[in-house]
Structure formats: structure tokens, C-alpha cells
Amino acid sequence: MTDDDPDSSTADSTESVLEGVTLTPPMSLTLCPSCGEPVGSVTSRGPLDHTAGPCGCSLTPGEVRRL
Ligand SMILES: [Zn+2]
């Protein structure tokens, strides 16, 4: 008994229904522990060299993990 089904066409309908979704920034703004300015990015030049942006303060690895 052969149970072959050659006509097995899997229809993958990947339709992304985009409704009027407004992307809002996260509510919790990360503040720089050094100057208190909102941190938009963290630049890592090494395991112990992290710089917060755009203020430019240096962060410790422990502070980076909390961001
Ligand atoms: Zn800062």
C-alpha cells in the first residue's frame, strides 16, 4: 500500500496585514547613570570600554547590562 501524495502543495500565505499601527518609542527611557541624559545608544570598544550616546559618558560593564 503506497500512500504517496505528489500533489501536496503547501500554500504558505504570508500576508502581513498592516493596519494603522503607529510605532511609539518605548515608555521607559534609559537614563545615563553619570549625567542623567537619555541614552540613545551604547558604543562598546572593548569588554571594559563602553560609551553612552549621545552624551558620551563612559559606562561600566555593570551599568551597560542594566541599560
Ligand atoms: Zn551621560
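## Basis and confidence

Residues are numbered from 1 along each chain as its sequence is written. Because the model is predicted, local features need pLDDT of at least 70 and side-chain atom pairs count only at pLDDT 80 or more, while totals for chains, interfaces and linings use all residues.

The mean pLDDT of the protein is 80, and 69% of its residues reach 70 or more, where pLDDT is the predictor's confidence in each residue, from 0 to 100. Where pLDDT is low, the predicted coordinates should not be read in detail.

## Overall make-up

The protein has one helix and three strands, which follow the pattern β-β-β-α when read along the sequence; helices (H or I, at least four residues) and strands (E, at least two) are DSSP runs, numbered from the N terminus.

Of the contacts with a separation of 6 or more, 12% join residues 24 or more positions apart, a contact being a pair of residues whose C-beta atoms, placed from the backbone, lie within 7 Å.

## The sheet

The three strands form an open sheet in the order E1-E2-E3, with antiparallel pairing. E1 and E3 are its edge strands, since each pairs on one side only; two strands pair if DSSP finds at least two bridges between them.

E1 (residues 41-46) and E2 (residues 49-53) are joined by five bridges in the antiparallel sense, and they form a hairpin with two residues between them. E2 and E3 are likewise antiparallel, over two bridges. His 50 in E2 takes part in both pairings: it is the bridge partner of Ser 44, and Leu 59 in E3 is also a bridge partner of His 50.

## Strand E1 and Ser 41

E1 is hardly covered, and the count of buried residues among its six residues is zero. Ser 41 lies in this strand and stands opposite Gly 53 in E2. Ser 41 counts as exposed because it has 9 C-beta neighbours inside 10 Å. Ser 41 and Leu 67 are 26 residues apart in sequence, and their C-alpha atoms are 9.6 Å apart in space.

## The turn from E2 to E3

E2 and E3 form a hairpin with four residues between them, and Gly 56 in the turn has a positive phi of about 90°. Pro 54 is placed in the loop between E2 and E3 (58-59), and the peptide bond that leads from Gly 53 to Pro 54 is cis, with omega near 0°. Most residues other than glycine have a negative phi, and most peptide bonds are trans.

Key. Buried ≥ 20, exposed ≤ 12 C-beta atoms within 10 Å, placed from the backbone. Contact = placed C-beta atoms within 7 Å.
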